[in-house]
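Welcome! Let's take a friendly walk through how the chains of this structure meet.

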Amino acid sequence: MTKALSIQSITAHYGTTKVLEDLSLEVGEGELVSLLGASGCGKTTTLRLVAGFLQPTSGRIALGGIDLTRLPPYKRDIGLVFQNYALFPHLSVADNVGFGLKQRGVAGAEKSQRVQAMLERVGLAHLATRLPGELSGGQKQRVALARALVIEPPLLMFDEPLSNLDAKLRVDMRVEIRQLQRANGTTSVYVTHDQEEAFSISDRVAIMHAGRIMQLDTPETLYQRPANAFVARFVGFENLIPMRVVERDGAKITAEAAGGVRLTLGLEQFGAIPDSFTLACRADGLAATADAAREGIPANLGLRTYLGRAYQYQCDTAAGPLVANGPLTRPLEMGGHAKLVPVPEQCTILAPEVAA
Amino acid sequence: MTQKIHPALIGFTVVVFFFLVGPLIIVVGSALSDTTYLTFPPQGLSLRWFANIFEISAFRRTILTSLQIAFLSTFIALLLGIPAAYALNRYRIQLPGWLATLFVLPVLVPELVLGFSLLKNVAVQFNTPIFLTLVFGHSLLVLPYVVRVISASLASFDFSIEEAAISLGSPPLRTFFTILLPNVRSGVIAAFILAFITSINDVSISIFLTGPGISTLPIQLLAHMEQFFDPTVASVSVLLMALTVGVMAIVERTLGLTFLAK
Amino acid sequence: MKRFSGWTLASPATLLVVVFLVLPVVATIITTFGTAGGPLAPYLGFFGSGFRRTVLWRTVQVSFIVTAIAVIIGFITAFVISRSPGWLKSILIIAAVFPLLTGVVVRSFAWLIILGKNGILNSVLLSAGLIGEPLTMLYTQGAVIVAMVYLFVPLMILTLVGVLEGIPQDLIQASASLGAKPSATFTQVILPLAVPGLIVGAVLVFTGSFTSYATPQLLGGEQVMMMGTLMYQQAMVTFDWVAASTIAAVMVVITIAIVLAMTRIARRLNPMAV
């Protein structure tokens with residue numbers, strides 16, 4: 001039933017504006033891949049291309065090895081869940097869910113049975129005769145989900161399905177979506193701008209920017225080992241410090257940043273380190289300490305803010321402005337001096353990027 | 001979103017637009033004819049029937065009267081309609097629901113009935129001047145357009161900016177002129193144009209309130225048509241169409257033509 | 001503007017409507033009940049006269065035909081317009097707005113030129129050899145219907161373009177994604193969602209036709225008398241103001257009844273308003 005999606009070198013334009021450039025993406029059978037990025041990054045465009053509402057300028061889209069590129073939307077057999085639900089306002093909940101079955105010639109007892117079973121799965125059997133206008137946001141979303149699932153599509157696509165729900169419901173619904181998707185084993189593409197949502201729900205996440213995929217990986221890899229500066233910033237590495245290796249000594253290297261700041265880094269934590277690299281640290285990955293004897297980046301402390309689990313400091317250093325955290329037990333004075341000591345587990349090394 | 005449309009539907013639409021525009025082109029053509037009777041295609045080109053309009057004193061008079069009435073009644077409708085639309089939107093809770101319906105009544109009640117009632121129960125009963133009765137009748141006729149168009153632009157107006165102005169020390173009346181009016185400017189222009197055109201073209205109210213001494217242009221056109229079949233009426237029609245073109249150009253300049261589609 | 005209450009601002013317009021519309025119209029209707037012959041005499045007179053019944057019936061008939069034609073033409077045209085690319089859409093909308101802003105007299109006059117004995121249609125048909133002598137087209141019910149359709153089609157088109165554009169694109173895409181062919185999307189999604197707007201447009205056309213004056217006057221004349229022209233004749237030619245008031249009352253009651261009934265139906269059918 002379920003099929004693998006293959007997007008091959010797609011380029012797309014809106015008028016004369018190029019919105020997608022040579023984009024390729026493989027989604028395996030039963031896999032859920034999220035497209036994550038800010039608005040305008042091309043994630044929704046990608047989804048609309050696969051759905052058939054847009055035509056690519058070049059490239060090919062295939063589902064289970066069958067070319068879809070020139071097929072009209074209604075022949076593609078893809079389940080779609082829309083951002084604003086797109087429920088038919090003139091049809092009851094049951095008729096909305098049954099709409100796709102009706103198009104497939106499923107009628108009578110079989111249709112009502114399948115609709116009923118699907119409504120039970122999403123917990124809405126008691127609302128079958130209601131009109132969409134009488135439902136809450138969460139209920140509408142469940143109807144939209146049921147409507148897309150009941151046709152048992154080989155591919156499911158979600159376009160920011162939870163962005164109109166409140167925070168609590170959003171978390172509940174994403175668990176529900178993931179459970180339904182896993183139970184059916186349906187190949188899925190999930191578009192969102194919410195990082196937490198994407199990471200929590202997906203097998204793999206594609207982080208997109210300016211019409212291209214910047215990195216496609218498991219959430220764990222993206223979060224801990226971003227491949228480039230864009231992704232590193234995107235997943236919260238606030239500090240990116242360009243460095244140059246000045247000395248290699250067995251398992252350790254010494255590297256220098258702007259302003260002559262020197263740090264010693266262990267190869268067992270970072271793996272191979274190229275001669276020129278960027279040290280990426282989250283605020284948690286730079287520990288602010290008053291101990292002047294420690295090896296670290298000398299800093300003048302600016303504004304201190306309270307985060308609950310730590311204090312955060314805006315720091316001024318020879319290597320540029322940095323953000324560091326310090327323990328709650330020993331707050332440092334604003335305006336004082338400190339050392340910022342890298343915490344290897346919270347840092348990563350970015351290889352120099354080939355200019356795009 | 002452009003989708004494929006069945007060629008038969010496109011063909012049908014082409015025919016419909018021929019049907020819509022064709023008759024008006026015929027009117028323009030007939031106005032240019034050099035003959036003393038109406039004919040199309042025009043035989044010989046001449047502008048003499050345009051000159052003839054102004055040689056007939058009844059046309060000179062009624063054109064003037066129609067313009068006066070259109071300006072006055074539009075002005076009155078704006079003067080009364082803008083505050084009413086504002087009140088309907090700003091004080092919705094304070095005002096009864098039927099008030100909005102009241103302002104739609106002039107559209108709901110057949111114009112002929114309104115015109116006849118104004119004649120019978122106002123002009124004759126209280127001996128009010130016909131011109132004044134006409135002005136009030138037309139004000140009523142165009143009031144719904146003003147209220148509706150201004151309401152539509154107020155619907156997207158954020159009343160908190162008005163409160164911001166007042167909190168910054170601007171007195172209410174000045175706030176109305178410096179904050180509210182500029183923000184519903186396009187609505188006021190649209191209301192003015194719609195009202196003016198509606199008044200200029202009105203037949204059904206005016207037909208009862210004209211007589212010896214006073215008439216409006218459309219009524220004069222009807223009267224002329226009953227006696228003559230020369231191209232004068234076509235020429236006047238062309239003038240009226242030119243007015244429409246002018247109005248649409250103003251709308252296009254100030255609001256963009258998409259406004260007309262709303 | 002706390003200092004002004006809503007009533008202060010709304011009262012001048014309210015006064016205008018009450019004094020110059022509500023009171024005079026109500027007075028017109030009331031007089032029909034206070035005649036010498038008894039409270040319902042004018043109505044018995046109206047419905048008792050075969051001629052007047054014919055006029056009423058003809059007016060209903062003409063209005064109904066005009067509405068049906070305008071709905072069909074308007075809907076198809078509006079559908080094509082709503083699917084057209086931006087630039088073409090603007091042009092088509094302008095082409096529909098222009099006749100709408102041109103007055104009733106001018107637009108009816110155009111058909112006088114076309115349908116006249118020596119009119120364009122007759123000369124075309126004659127020179128094509130399709131007819132031997134000019135047809136009488138003016139002062140027939142057909143002429144009135146054609147001119148009224150011409151009058152109201154732009155209104156219908158503009159109303160329905162608004163309705164069709166108001167249907168969210170998402171719904172049409174959702175329908176396609178669920179496997180509905182374009183024809184199924186049209187009949188199962190677009191049409192049901194357009195019906196309430198269609199009814200509103202139809203009411204506008206029907207009441208407009210029902211109470212029209214200039215068009216039946218010019219193209220129908222004495223032969224095709226309608227309610228509007230009959231009322232004018234009673235009021236201004238025979239000066240029978242009681243009869244004119246009676247016709248006025250019948251027109252008011254019928255139009256308001258239709259407007260109320262149809263808007264109620266439209267509201268009930270409108271799922272987007274829930």
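## A term to start with

A crossing of two helices is called left-handed if the near helix is turned anticlockwise from the far one by less than a right angle, and right-handed if it is turned clockwise. Please keep in mind that this is a predicted model.

## Which chains touch

Two pairs of chains touch, and the pair with the most contacts is chains B and C. Chains A and B, on the other hand, are joined by no contact; their closest C-alpha atoms are 10 Å apart.

## Where helices of B and C cross

The crossing of α1(B) over α3(C) is left-handed.

On the α1(B) side, the contact is made by Leu9(B), Ile10(B), Phe12(B), Thr13(B) and Val16(B), while α3(C) brings Ile73(C), Ile76(C), Thr77(C) and Val80(C). Sorted by class, this contact has seven nonpolar residues, two polar ones and no charged ones.

## Where A meets C

Here 22 residues of chain A are in contact with 18 residues of chain C. On the chain A side, β6 (78-81) and α2 (93-103) are the elements that give two or more residues. Which element gives the most to this side? The answer is α2(A), with three residues.

The chain A side of this contact is made up of 13 nonpolar, five polar and four charged residues.

Conventions: Residues are numbered from 1 along each chain as its sequence is written. Chains are lettered from A and ligands numbered from 1 in the order in which they are written. This is a predicted model: local features need pLDDT of at least 70, side-chain atom pairs count only at pLDDT 80 or more; totals for chains, interfaces and linings use all residues. Two residues are in contact if their C-beta atoms, placed from the backbone, lie within 7 Å. Helices (H or I, at least four residues) and strands (E, at least two) are DSSP runs, numbered from the N terminus. Ala, Val, Leu, Ile, Met, Phe, Trp, Tyr, Cys and Pro count as nonpolar, Asp, Glu, Lys and Arg as charged, and the others, Gly among them, as polar.
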